[in-house]
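Colleague: Hi! Could you walk me through this one? I'd like to go piece by piece.

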Amino acid sequence: MTTTDQQITRHWEYADATLRALRERGLRPTPELYHVWFVYFAEENPEILRVIDAVQASGDQLAEDTLLQLYYRYIFDRQAADFLQRGMEDFSELVENSDECLSTARAGLGKYGDLLGRSLATLKDHRELSPILTEVIDQTDQMRQTIDGLHKRLDSYLSRVAMLQRELDETRERSYTDGLTRVSNRMYFEEQLTLLAAEYDASDHPEPFCVMMVDLDQFKSVNDRFGHRIGDEILVLIASMLKANIKGRDIVARYGGDEFAILLPQTPLGDAMALAEDMSKRIAAREIKAKSSGTSYGQMTISVGAAEYIANEGGAKLIDRADSALYRAKKNGRNRNFAAE
């Protein structure tokens, strides 16, 4: 059996398992639900695997809402982002090439226009030499005017290209930024983690790097007591404090809800834990106040789980280990920092 035949067979097996799962659970065979189960059986997304396995292990029923959340969080957003990114890259290349071509054309036309201007002055001095020169003079004069017009239009085009390039850069930045906290979003974090893991695995002398998972302690009670607007202000403040503690290639990202993830290149586990300790103390010592009224909401603490990358384990496994350490930190009373075992 060829590789292609094997792939086709596997996909039919995934499809059969998907339809069976939908039927057994009384779920509608919508494209979204079908896609989630297909990805689950194909083991294409570790987060979907983890969530579904955890729900099934608990004996709870997988609700359609849960599956739809998985679809929009891990499948739809990723497809849309990939499509946008490919489009932006293609458009960026087009804009850059256009910029170069227009700049070259503008410079060339400018030189030619100057030459025609000098030639026209010389020809007019010798207008009486030949009737043909009169026609050459007239045509040269028209060409000079045409080039002047083209020069102005190219200036306008170049301005528009520069504006499009700025808008493109801003769009790319927005696609990688969390809308509320203005730190990186989950998609950007996972892309950079994947690149760093690949770089580590391909190197003969890899540099250590770590992931830290950070969770705000008792944040739900804050939302319940003071409302989501105050909760959002607190998230923004904590995000800014986390970002203030990193440097260089380090990345702080909002991973979901009140959970943040920090990627620490060129950092061994011991240094990551020292950073976690420092961040925890700084945040715990900070009095949380509302921007508008100055009302104090007391102190906020965080729990941290950290893990150092192990060769060839992949980014998803590293996050799982850091998440497990975070779970132990919260289970042991919160406001603690644990390293992965």
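Modeller: Happy to! This is a predicted model, and we can start with Gln 266, which is partly exposed, with a relative accessible area of 48%.

Colleague: Okay, and where does Gln 266 lie?

Modeller: Gln 266 is in the loop that links β3 and α9. Its phi is positive, about 55°, although Gln 266 is not a glycine.

Colleague: What about Arg 334, what is its phi?

Modeller: Arg 334 has a positive phi of about 65°, and it is not a glycine either. You'll find Arg 334 in the loop between α10 and β7 (337-339). With 30% relative accessibility, Arg 334 is partly exposed.

Colleague: And which residue just after α2 has a positive phi?

Modeller: That's Glu 43, with a phi of about 55°. Helix α2 itself covers residues 31-42, twelve residues in total, and spans 16 Å from its first C-alpha to its last, close to the 16 Å expected.

Colleague: Which residues of α2 are buried?

Modeller: Leu 33, Val 36, Trp 37, Phe 38, Val 39, Tyr 40 and Ala 42 are the buried ones.

Colleague: Let's change topic to the inside. How many residues are in the largest nonpolar core?

Modeller: There are 33 residues in that core. Those with the most contacts inside it are Met 212, Leu 216, Ile 234, Leu 242, Phe 260 and Ile 262. The elements giving two or more residues to this core include β1 (210-216), α8 (228-244), β3 (259-264) and β6 (302-308).

Colleague: Which element gives the most to this core?

Modeller: α8 does, with eight residues.

Colleague: Then tell me about α8. How far apart are its end C-alpha atoms?

Modeller: They are 24 Å apart, which agrees with the 24 Å that 17 residues should span at 1.5 Å a residue. Among the buried residues of α8 are Ile 230, Ile 234, Ile 238 and Leu 242.

Colleague: What does Leu 242 touch?

Modeller: Setting aside residues up to four places away in sequence, Leu 242 touches Val 214, Val 252, Phe 260, Ile 262, Met 279 and Ile 283. There is also a second, separate core of 21 residues, which includes Phe 189, Tyr 255, Leu 263 and Ala 307.

Colleague: Next, Leu 196. Is Leu 196 buried or exposed?

Modeller: Leu 196 is buried, because its relative accessible area is 8%, and buried means under 20%. Leu 196 belongs to helix α6 (residues 186-202).

Colleague: And which residues is Leu 196 in contact with?

Modeller: Leaving out neighbours within four places in sequence, Leu 196 is in contact with Phe 209, Arg 249, Leu 263 and Pro 265. As for Leu 264, it is 68 residues from Leu 196 along the chain, and their C-alpha atoms are separated by 9.9 Å.

Colleague: Last topic: at what angle do α6 and α10 pack?

Modeller: α6 and helix α10 (residues 314-331) pack at about 110°, and their axes are 8 Å apart. That angle makes α6 roughly perpendicular to α10. Their crossing is right-handed.

Colleague: Which residues make the contact?

Modeller: From α6 there are Phe 189, Leu 193 and Ala 197, and from α10 there are Gly 315, Leu 318 and Ile 319.

Methods:
Residues numbered from 1 in each chain as written. Predicted model: local features only at pLDDT ≥ 70, side-chain atom pairs only at ≥ 80, totals over all residues. Heavy atoms only, no water. Helix = DSSP H or I, 4+ residues; strand = E, 2+ residues; numbered from the N terminus. Expected span 1.5 Å × (residues − 1). Buried < 20%, exposed > 50% of the residue type's maximum accessible area, 1.4 Å probe, protein only. Core = buried A, V, L, I, M, F, W, Y, C linked by side-chain atoms within 4.5 Å. Contact = heavy atoms within 4.5 Å. Axes fitted to C-alpha atoms, helices over the stretch in contact; angles between N-to-C directions. Parallel < 35°, antiparallel > 145°, perpendicular 65-115°, else oblique. Left-handed = near helix turned anticlockwise from the far one by under 90°.
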